Amino acid sequence: MAELLVVRHGQASFGADDYDRLSETGHRQSELAGAALRGAGWVPDRLITGTLARQRDTLASMGFDAEPETHPGLNEYDFHDLLSVRFGGDVPDPVRHDRKTHFRTLRETILDWQAGGLTAARESWADFAGRVEAARAFATDTPARRVLVISSGGPIGQLVASSLGAPEAQMLALNLQVKNTSFTRFIFTGSRFFLHEFNTTPHLMAADRDHLLTYS
């Protein structure tokens, strides 16, 4: 059976005007993740990212410099748009800049979106789930035995929930647990697709790396 290893991008720039770029911590997390894979002898024979800068830059900092394939189904849902729709275009400052307030509000917003609310959003929940499934099919339709994917927390949560046949709301519980540069591993063959490992960070386990453990 083949392996699909999905890595969440490194820490992005929370609260900045341009969230879609890695912080210095994000680059360091990515370097360590790549070194851990090479140290374990796990060398991918296919590379795929979404189209976001933070995903492509994570792969580059991991040290895998071959040109990756891309699939937009691996991109994060547009939480800026969802929050903007919820608040009529005027997102409160604490929601944008205070982590606790942001993630509490995001949770409420995503649950509403999944239930059919926020109809003015650029992407519906059904469209998001559909494109993540399309990305999964794209990544696993291959003779490659080790596929490395760089994605984001939302698609990773959805891939895991879908693979387990979990209720839709479980996607969000999984999404909010996903650590930057964590490893989520699936085994696949033909139409079969199984979760094997979720949200592990062996490259950040050393005592002097505690400060590198982040979630956004």
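**What the labels rest on**

Reply: Leaving out residues up to four places away in sequence, Pro 68 touches Leu 47, Ile 48, Thr 49 and Leu 59; contact here means heavy atoms within 4.5 Å. Keep in mind that this is a predicted model, where local features need pLDDT of at least 70, side-chain atom pairs count only at pLDDT 80 or more, and totals for chains, interfaces and linings use all residues. Residues are numbered from 1 along each chain as its sequence is written, and side-chain values use heavy atoms, with hydrogens and water left out.

Me: Why does Pro 68 count as buried?

Reply: Buried means under 20% relative accessible area, exposed means over 50%, and partly exposed is in between (1.4 Å probe, protein chains only). Pro 68 has 19% relative accessibility, so it counts as buried.

Me: Where does Pro 68 lie?

Reply: Pro 68 is in the loop between helix 2 and strand 3 (69–70). Helices (H or I, at least four residues) and strands (E, at least two) are DSSP runs, numbered from the N terminus. Pro 68 and Arg 46 are 22 residues apart in sequence, yet 7.6 Å apart in space, C-alpha to C-alpha.

Me: What makes helix 2 mostly covered?

Reply: Of the 10 residues in helix 2 (residues 53–62), 7 are buried. They are Ala 53, Arg 54, Gln 55, Thr 58, Leu 59, Ser 61 and Met 62. Their cover includes strand 1 (2–8), helix 1 (24–39), strand 2 (46–49) and strand 4 (146–151). Just after helix 2, Gly 63 takes a positive phi of about 95 degrees.

Me: Why is Ala 60 called exposed?

Reply: Ala 60 has a relative accessible area of 52%, so it makes the exposed class. Ala 60 is found in helix 2.

Me: Why is Thr 181 called buried?

Reply: Its relative accessible area is 0%, so Thr 181 is buried. Asn 199 also isn't a glycine and has a positive phi of about 60 degrees, but Asn 199 belongs to strand 6 (residues 192–200). Asn 199 has a relative accessible area of 9%, so it is buried too.

Me: Why does Thr 101 count as buried?

Reply: Thr 101 has 16% relative accessibility, and therefore counts as buried. Thr 101 sits in helix 5 (residues 99–114). Setting aside neighbours within four places in sequence, Thr 101 is in contact with Pro 94 and Val 95. Thr 101 and Gln 158 are 57 residues apart along the chain, and their C-alpha atoms are separated by 23 Å.

Me: How do you know that the radius of gyration agrees with a compact globule?

Reply: The radius is taken over C-alpha atoms, and the globule rule is 2.2 Å times the number of residues to the power 0.38. With 216 residues that gives a value near 17 Å; the chain has 17 Å, so the two agree. Along its principal axes, the C-alpha trace spans about 50 × 40 × 30 Å. Buried residues make up 51% of the 216 residues. Of the contacts between residues at least 6 apart in sequence, 68% join residues at least 24 apart.

Me: What are the domains in the domain assignment?

Reply: The bounds come from an automatic or database domain assignment. That assignment gives domain 1 (2–77 + 125–212) and domain 2 (78–122). The contact takes 13 residues from domain 1 and 16 residues from domain 2. The centres of domain 1 and domain 2, taken over C-alpha atoms, are 23 Å apart.

Me: How many helices and strands does the chain come to?

Reply: There are 8 helices and 6 strands. From the N terminus on, the elements run β-α-β-α-β-α-α-α-α-β-α-α-β-β.
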